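Have a look at the picture first, then read on.

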Amino acid sequence: MARANFADRLVAATRRHGVLCVGIDPAPEKIPALFGPPGPSSLESFCRAVLARCSGKVGVVKPQSAFFETYGTPGVLALERVVDAAHRADLLVILDAKRNDIGNTAQAYARALLGPGAPLPADCLTVNPYLGMDSLEPFFARAQETACGVAVLVRTSNPGAQDFQGLSVDGEPLWLRVAQALAPAMRRLMGGEGWSSLMVVAGATAPAEALAIRKALPHALFLTPGYGAQGATAEQALAGYSRGPGGPEGGVVNASRAILYPPDAAKAETAAAWEAALDRAIDTARMDLQTPAAPASGAPPIMNAAKDPPA
């Protein structure tokens with residue numbers, strides 16, 4: 001039996017657990033000593049422990065590949081095992097690798113990092129669009145073939161985002177032009193729940209821009225960084241989301257440092273104390289993101305639009 005479209009799987013997961021996505025960013029200097037000395041072994045143990053706290057509470061995790069790659073082959077092997085452990089815990093995996101290239105190289109990235117049978121079988125992969133639409137085609141094709149998702153950088157949450165993303169192109173910012181160019185891929189990757197397996201990165205630190213992206217891409221799922229440690233509120237993070245059956249819907253809001261490294265976890269001397277600290281951090285974020293239960297003021301009625309066939 002063919003597996004469900006990524007968008008349908010993600011929407012089902014967020015309806016069960018809410019829109020929180022836990023970013024797995026295992027910075028060696030921040031991993032508590034109780035996991036052992038810095039190295040790939042403690043990194044993997046830490047990540048597995050985080051996944052255990054996420055299981056049954058969130059539906060999606062986002063490992064950042066750079067933290068694993070810094071250890072070379074042992075680190076990449078640890079990432080493979082962490083991705084496998086996440087799937088075994090019924091968690092969807094968005095691999096944050098921001099890959100892209102042209103031609104056969106992009107195809108190789110897509111085969112390596114997306115879908116069943118890949119060495120790193122992520123459910124969705126972050127990609128950079130700035131080599132052009134032809135460079136994205138291998139990822140879209142692989143997503144279509146394997147029922148996976150592709151998360152394209154559009155408006156990121158970092159302070160320097162506007163250096164290039166905000167440049168004017170015929171009177172419109174580049175990030176908006178990128179969003180507009182993605183509309184055919186959005187339609188191509190539509191699922192059965194009114195959402196597309198095309199994800200777009202729309203930072204919580206720029207809610208007005210998120211609303212404009214939502215207008216350009218009414219059916220695209222959002223991957224929303226910037227909530228928590230970067231300072232964005234839940235209301236800002238949910239700009240462009242719709243009201244679903246159980247709360248906000250239309251993507252996932254990522255939190256990494258606020259979940260992985262709460263102050264009381266850093267002081268924990270036992271595994272039980274550390275686990276309790278992470279449980280509190282996860283529960284707090286889930287409740288915070290559930291409370292608004294509606295888009296920020298001024299958001300378009302995208303839930304109605306998502307039920308109609310795309311143009």
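Predicted model: local features only at pLDDT ≥ 70, side-chain atom pairs only at ≥ 80, totals over all residues.

Strand β1 (residues 20-24) and strand β12 (residues 251-255) run parallel and are joined by 3 bridges; strands here are DSSP E runs of at least two residues, helices are H or I runs of at least four, and both are numbered from the N terminus. Two strands count as paired if DSSP finds at least two bridges between them.

## A look at helix α4

Now for α4, residues 73-88. Its buried residues (under 20% relative accessible area with a 1.4 Å probe, protein chains only; exposed is over 50%, partly exposed in between) are Gly 75, Ala 78, Leu 79, Val 82, Val 83, Ala 85 and Ala 86. Seen down the axis, they fall within an arc of 160° (taken from the directions from the helix axis to the C-beta atoms), so they line one face of the helix.

That buried set packs against α2 (40-54), β2 (60-63), α3 (65-69) and β3 (92-99), where contact means heavy atoms within 4.5 Å. On the face turned away from the buried side sit the exposed Thr 73 and Arg 88. After α4 comes Asp 90, with a positive phi near 65°.

## Reading the numbers

Residues are numbered from 1 along each chain as its sequence is written, and side-chain values use heavy atoms, leaving out hydrogens and water. Local features need pLDDT of at least 70 and side-chain atom pairs count only at pLDDT 80 or more, while totals for chains, interfaces and linings use all residues.

Methods. Expected span 1.5 Å × (residues − 1).
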